[in-house]
Amino acid sequence: MNTRLKFSRANKTSFLATVRKRVDLHFSDIGNNTNANREMWAKTIFFLTCFFGLYGLIISNIFSAWAMLPMAILLGMFSAFVGFNICHDAIHGSFSSNKIVNKVFSYLFNFLGASPYVWNITHNGVHHTYTNIPGHDEDIEVAPGLIRISDEEPVNRIQRYQHWYAFPLYGLASISWAFRKDYKKFFQAKVGQIAMQHPKKEYFNLFFSKALYYFFFIVLPLLVLNVTWWQFIIGFVALHMAQGITMGLVFQLAHVVEGTHFPVPDETGTMEEAWAEHQMRTTANFSGDCPLAAFFLGGLNRQIEHHLFPKVCHIHYGKIGKIVKQTAKEFNIPYIENRTFFSALKSHYRMLKRFGRDAEVVRV
């Protein structure tokens, strides 16, 4: 879509100003620290130790191929956890008030097979502005033509089975990132509303960082591990499937569940609601009261708070969530949430099945 989007001013309320004022007052009461605290630094040390520890154990070549396989799966999961808990905050600039610290931690994204530079454009710049708007928010386009999640998307017969094959497809997201997606996005003319014009150094950074990833995760293991080529492929694919499914499910359960909207602009390119109200209708929380979800998912189970306050470190979302929920209730604005991970998963499954039903009447 080429229409320049803008959000309505006519329907704007004081919701955003009110919730920001209340959240600012909360941080004023606790010392104005919106960045990482001791708990956040402890999490960072834990996830980095697990990630590099698992990689070191695998690359040590002291284990059998069968023992390394579950390690590769765990490494894939902890790759996603490092992305959720450290890189995501760092790229948003919310991990630390020190830009150098954020920059250093954002570079870890390269060790997950993804470009922090491209992610900053597609996620921070586009997804956070044009959330769930078909044709603009490319974060919700998991597999165009294969997975349909809104009425605006074209229908084909294979989609009647999407509630079955969508989950394995999510597992391919990580491999796509490493070998396809970053290159494609980097060389597109536009991503959403943003023209892709890059500084020359970013061309070097993209190819150099990808080369480093391929060396550490393909070349070096093949050189030092006592495994056959097909055993390596099984381990490499298992790592990425675990990473992709972990990432894919968390992001899908935040935006593609029952109750979330996929609004479209009018003929002038104007959205019906103001930006903050739009975020509240297109974003959902899950497992908001679960300490394990908060620990492992880096606050991505509280996407409402993240979308309203992306510059606040996720370690604070639990406390400001109470403020956001109460304020939304006062303004009669929906606060979409699923109590548990599994209730959100069921909601996502039902949504896939509902949008797949249209494909049952399509002729070959």
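Residues are classed as buried under 20% relative accessible area, exposed over 50%, and partly exposed in between (1.4 Å probe, protein chains only). The model is predicted: local features need pLDDT of at least 70, side-chain atom pairs count only at pLDDT 80 or more, and totals for chains, interfaces and linings use all residues. Numbering runs from 1 along each chain as its sequence is written, and side-chain values use heavy atoms, without hydrogens or water.

W229 counts as exposed because its relative accessibility is 62%. This residue lies in helix α9 (residues 229-255); helices are DSSP runs of H or I, at least four residues, numbered from the N terminus. W229 also belongs to a nonpolar surface patch with W230, I233, I234 and V237. Together they have about 530 Å² of accessible area.

A nonpolar core is a set of buried Ala, Val, Leu, Ile, Met, Phe, Trp, Tyr and Cys residues joined through side-chain atoms within 4.5 Å. The largest contains 52 residues. L75, V82, F84, I86, F109 and F217 have the most contacts inside it. Two or more residues come from each of α2 (38-59), α3 (65-92), α7 (173-187), α8 (200-224) and α9. The most come from α3, with 13 residues. A second, separate core has 18 residues, including V19, V23, L308 and I323.

Beyond neighbours within four places in sequence, F84 is in contact (heavy atoms within 4.5 Å) with several residues, among them T246, M247, V250 and F251.

In helix α4 (residues 99-106), N102, F105 and S106 are buried. They lie on the same side of α4 because they cover an arc of only 105 degrees around the axis. The buried residues of α4 pack against α2, α3 and α5 (116-127).

Terms used. Patches are made of residues with over 30% relative accessible area and no salt bridge: like charges are joined within 9 Å, nonpolar side chains (Val, Leu, Ile, Met, Phe, Trp, Tyr) within 5 Å. Accessible areas come from the Shrake-Rupley method with a 1.4 Å probe; for residues, only the protein chains shown count as cover. A salt bridge is a side-chain nitrogen of Lys or Arg within 4 Å of a carboxyl oxygen of Asp or Glu. The arc is that of the directions from the helix axis to the C-beta atoms.
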